Amino acid sequence: MPTVSMKVNGQSVSHDVADNTLLVTFLRETLGLTGTHIGCDTSQCGACVIHVNGASVKSCTMLAAQANGADVTTIEGIANGDELHPMQQAFHENHGLQCGFCTPGMIMSAIELVETNKKLSEQDIREGLEGNICRCTGYHNIVKSVQDAAQKMGG
Amino acid sequence: MSEGIAEGIGASVRRKEDRKFITGRGRYTDDINRAGQLHAFFVRSDVAHAKIKSVDIKKAAAMDGVAAVYTGRDIADDGVGGLICGWVVPNRDGSATHEPPHPILAKDKVRYVGDHVAMVVADSLATAQAAAELVNVTYEELPAVVDLASAATAAEIHDGMANNTYFDWELGDEAATADAFSKAKHVVSATLRNNRLIPNAMEPRAAVAEYDHIADSYVLHSTTQNPHLLRLVICAFVLNIPESKMQIVAPDVGGGFGSKIYLYAEEACCTWASKKLRRPIKWTADRTQAFLSDAHGRDHINNVQMALDDNNKIIGLRVDTLANLGSYLSAFAVVTPTYLHGTLLSGCYAIPAIYTNVKGMATTTAPVDAYRGAGRPEATYLLERMMNIAAAEIGMDPAEFRRINFIPKDAFPYQTAVALQYDIGDYEAPLDRALEMIDYKGFETRRAEAAKRGKYRGIGLSSYIEACGIAPSAVVGALGGRVGLYESAVVRVDPTGTVSVFTGTHSHGQGHDTTFAQIVADKLGIPLANVEIVHGDTNRIPFGMGTYGSRSLAVGGTAISKAVDKVIEKGKIIAAHMLEAADSDMEFKDGKFAVAGTDKEKSFGEIALSAYVPHNFPHDRLEPGLEETAFYDPLNFTYPSGTHIAEVEIDPATGVVTLVDWACCDDFGNLINPMIVEGQVHGGIAQGVGQALLENAHYDENGQLLTASYMDYCMPRADNFPSLQVDYTVTACTHNDLGVKGCGEAGAIASPPALINAVVDALSPLGVTDMTMPASPEKVWRAIQNAQTKAAE
């Protein structure tokens, strides 16, 4: 089994894993970072979105080995201690979650969306979140959350 | 209600449960791992209908890392019971619902693609999955039965069940209805199809089963909406385990929408095998398995006739329904298209005569059961489509046609022709408000403006009623239900005045931790932070019925309220003793027990401490402690209602329907947390929009599910919606303490007919009068082409 090394939420990790280990499995099973979820098997739902070298990635669509040497951030790594990331805070303030299952992926996608785009319109946000499925909220409050966070993040 | 509590009843308090979810610290079943655990993978039928000739497990069992391979024979030899039906109805001829056996692993026959044939248990999921590939099942194929309309004359699915009919049920007065039709001025007829859906909670079902051979007891972590119901069924009917030896834990659960009510084969198999192997066993569905074997929803064909008199008043309604229940009867498959459907056929309208006949049909497809709304969306769809079809035929505005047929607000309590008695309502108020919100009067201007841009614009209404909090239990029993439908609560006050509430309901997105805490904090006059809500663990909570049918607040919330009342009553006696006053002089307000008209008072915290440190305590009258239990069995259903209005634009070049505006006004009775209620409305609308525009479960003629992934089953995405306008009117429920009705399913009930009415309205200038769900671009485009071809002829 090859050794895979990467930085996850600021900490260096190194583990021997089977070649076919998906990044999401590595995070959940090997590292115990269960905030990243698996909601489908076709890379559609986005519950597993994390950041790899700053870009949002569906971690079910990448092998752990492909992330060798990368800087990985998961939902567990975006708050600054007890201080929530503005996107997390905005989801709380705007009731942008119900069951919470899609939420980590949604927040990770939304952060990248806001960080890489200036002046997002409501439609931009709706289209930008196309790769994340939520069954509970009807997206209404998710969109409000992202708008709110975008303001606070200076987007 | 206490005044001045910003966290109390009526406040949009931000949710207490959010923090764990937004930081990735939620704990869902698949997040749970146990030392030494094994992984299960199920061999599923890849044919729709077949006799099992043989199941060869030798190669699979011999594979490295495989602990066991079990078949239907092993299950049967061990005396394991099958899955059961929780509600049955009588047939028209007085005979009983046909309840064919539903083994947890098929032994002789498979009846749908996805049916469970064998269980492989191995030291890793990958090994279990690889070994499952080596299980060789030989089938003798039988004809698939897929088409609902012809199912009665198709191949027999269950031995001895004639015409593939589980039941043939009726409700209402057939003769009176026939009489109404004989006197009608107009009779409006339509065939209306309610499409088949797959619930798709984002968290797939999962289970972790553990057996403790020293204590001879089990712990089952499960993605269930109702842990006690699961425990009862798995213990008493399937595995023959004493209930006291089984702990069911439903930790964080990622959505349910009905699909997680039922005990499924997988969790029963894992629990059974955990004892055989004396190892924890974990199983998690992937999305494909969820599509194949989660209970599906809807799937009805209705033939509907509506009779109108000279004044355009509805005088009769007849509905003949074929309900596709799939290969086996799921737990609430029978009640969903019957008592949760036929009883709703009066809607918001004064209809003196109604008759309905429902035939529950078997097909070789996945079992069909309750999905968000459960019967009520199907009833509302046919009724609200008929309201528009009739209005169009008589040339009346659909809003006015609804208005003149509404049950007037001074007619409550109102006895319908289909068994229900509505306690209270005011249907014009939400109609008027919704019309105002969407600027109904200005619509024709918007239609003309859209036409200039080459788009067809349409508007569609739906005025719905729903029945939540199914009850009382005695009536449920009389109607064929095999469960009680009360709810339970324990309110435990700690010596320092903090409060833990143990509820029999289960929160899987609904925000109970916050809403229920608001009720308690408000009533006791204590900070919200001092109240914790506990649910989802049969070893901690009182026996309760769980969460579905928009029942949690109306039934579970009322149980909590009643338990809090008992705490207050006990507290008054303790306070009266301490203050040397009469019980009858005691008042409780804003967290203080006071002697009326004096400044003598004791705080809630002082009374709590006194209850547990009972030095100065009325021992002659009370036991120490401050913990109360309430079981609440409601007197009636609750009846939320409202009007939803959709506005759409259609691009004739592509057939794409764009939802451009949505306005709704609902009457849910009193609101505890308006923010959470609004979220429930949004989510319900989205699922209804999904049904009407996007989603469809499609089996081919061989019984293969063609829509078994998110590549093929179109889930609603963020860019399918405009911003949604939501408002409320209030008539408080008359028979529960909180005056609440329930809000979880309303959006899913109201929205599909509003949307289809809007699509048909948009295309009405072309002569289009109907559109089946989902109104996909292809169907809409074809309807436009056909209409244009006809017009050219």
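Predicted model: local features only at pLDDT ≥ 70, side-chain atom pairs only at ≥ 80, totals over all residues.
**Notebook: a walk through chains A and B**

**Entry 1, E580(B) and its surroundings.** I started at E580(B), which sits in the loop between α15 and β22 (586-589) of chain B. I looked up the backbone here and found phi of E580(B) near 55°, a positive value in a residue that is not a glycine. Is E580(B) buried or exposed? I counted 8 C-beta neighbours inside 10 Å, so E580(B) goes down as exposed, the cut-off for that class being 12 or fewer.

Next I stepped back into helix α15 (residues 552-578) of chain B, where A576(B) is placed.

D299(B) belongs to strand β13 (residues 297-308) of chain B. Buried or exposed, I asked myself of D299(B)? It is buried, because I find 24 C-beta neighbours inside 10 Å.

I looked at two prolines in chain B. The bond from F412(B) to P413(B) is cis, and its omega is near 0°. P413(B) is in the loop that joins α10 (398-405) to β16 (414-415) of chain B. The bond from M773(B) to P774(B) is cis as well, with omega near -5°. I placed P774(B) in the loop between α18 (746-763) and α19 (777-792) of chain B.

I traced an open sheet of seven strands in chain B, in the order β3-β5-β1-β12-β9-β10-β11, with mixed pairing. Why do β3 (66-71) and β11 (246-249) of chain B count as edges? Each has a single partner strand, so one side of each has no neighbour in the sheet. On average, neighbouring strands here are turned by 20° against each other, direction ignored.

I zoomed in on one pair from this sheet. Strands β9 (residues 206-212) and β10 (residues 217-222) of chain B pair in the antiparallel sense, over six bridges. Across that pairing, I see V208(B) standing opposite H221(B) in β10(B).

Then I asked which helices lie over these strands. Helix α6 (residues 227-239) of chain B lies across β10 and β11 of chain B and runs at about 140° to β11(B). Helix α7 (residues 265-277) of chain B lies across β1 (38-44), β3, β5 (116-122), β9, β10 and β12 (281-284) of chain B. I noted the direction of α7(B) too: about 25° to β9(B).

How many bridges join β1 (residues 3-8) of chain A to β2(A)? I count six, and the two strands run antiparallel. V8(A) has Q11(A), in β2(A), as its bridge partner.

I listed the contact between the chains: 41 residues come from chain B and 43 residues from chain A. On the chain B side, α1 (18-22), α8 (287-293) and α17 (674-694) each supply at least two residues. Which element gives the most to that side? α17(B) does, with seven residues. By class, I have 16 nonpolar, 14 polar and eleven charged residues on the side of chain B that touches chain A.

Last stop: A6(B), in the segment before α1 of chain B. I find 8 other C-beta atoms within 10 Å, so A6(B) is exposed. A6(B) and L528(B) are 522 residues apart along the chain, with their C-alpha atoms separated by 9.5 Å.

Terms used:
Residues numbered from 1 in each chain as written. Chains lettered and ligands numbered in written order. Contact = placed C-beta atoms within 7 Å. Helix = DSSP H or I, 4+ residues; strand = E, 2+ residues; numbered from the N terminus. Nonpolar A, V, L, I, M, F, W, Y, C, P; charged D, E, K, R; others polar. Pairing = 2+ DSSP bridges. Axes fitted to C-alpha atoms, helices over the stretch in contact; angles between N-to-C directions. Buried ≥ 20, exposed ≤ 12 C-beta atoms within 10 Å, placed from the backbone.
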